[in-house]
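Student: Could you walk me through this structure in a few questions?
Tutor: Gladly, let us look at it together.

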Amino acid sequence: MCQNCQSEDLMQHAINLSIEKMQAGFGGPFGAIIVKDGEIIAEGFNQVTSSNDPTAHAEVTAIREACKKLDTFDLNGCEIYTSCEPCPMCLSAIYWARLDKIYYANTRQDAADIGFDDDFLYREIPKPLEKRLIPCEQVGHEAGIRAFKLWQDKPDKIHY
């Protein structure tokens, strides 16, 4: 039996989703599915332009659907199949959701070749704050730290 067959079938599902939803006008050619115990529990596709939401990438929408379906913010035990290597935002969301593994089809260079160039974000992240393209300025630290101290002392907080 082919051990990669199921992975290839699952990836094909994500790719087909990306094509179907792109052709239907939802957004760019990106699809993602989340799998638990070999079963698809959630699907996501790019909806940036159709929902006017710059965070509505395929991986993020799939994570939102999976969390809602499983009634949890922790997707440990799940894997994501995505039609393209995740951008920095999606990669962060995948880590925050605690997914076990990422499978991807296209690379970030493949995405750049069709006009989706996330490379500038990869270059921007390690820069010191004062060197980033969008200016950053700390304001209200003393007031803001109060909320953190209240969280730190909150006896019934849910750790995540």
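Tutor: First a term: buried means under 20% relative accessible area, exposed over 50%, and partly exposed in between, with a 1.4 Å probe and protein chains only. This is a predicted model, where local features need pLDDT of at least 70, side-chain atom pairs count only at pLDDT 80 or more, and totals for chains, interfaces and linings use all residues. Residues are numbered from 1 along each chain as its sequence is written, and side-chain values use heavy atoms, with hydrogens and water left out.

Student: Is cysteine 78 buried or exposed?
Tutor: Cysteine 78 belongs to strand 3, residues 78-84; strands are DSSP runs of E, at least two residues, and helices are runs of H or I, at least four, numbered from the N terminus. Its relative accessibility is 0%, so cysteine 78 is buried.

Student: How far apart are the C-alpha atoms of cysteine 78 and lysine 101?
Tutor: Contact means heavy atoms within 4.5 Å. Leaving aside neighbours within four places in sequence, the contacts of cysteine 78 include Leu99, Asp100 and Lys101. Along the chain, cysteine 78 and lysine 101 are 23 residues apart, yet their C-alpha atoms are separated by 7.5 Å.

Student: Which kind of aromatic pair do phenylalanine 73 and tyrosine 160 form?
Tutor: Rings of Phe, Tyr and Trp (its six-membered ring) pair if their centres lie within 6.5 Å; planes under 30 degrees apart count as stacked, over 60 as edge-to-face and the rest as tilted. The count comes to four aromatic pairs. For phenylalanine 73 and tyrosine 160, the centres are 6.1 Å apart and the planes at 70°, making the pair edge-to-face.
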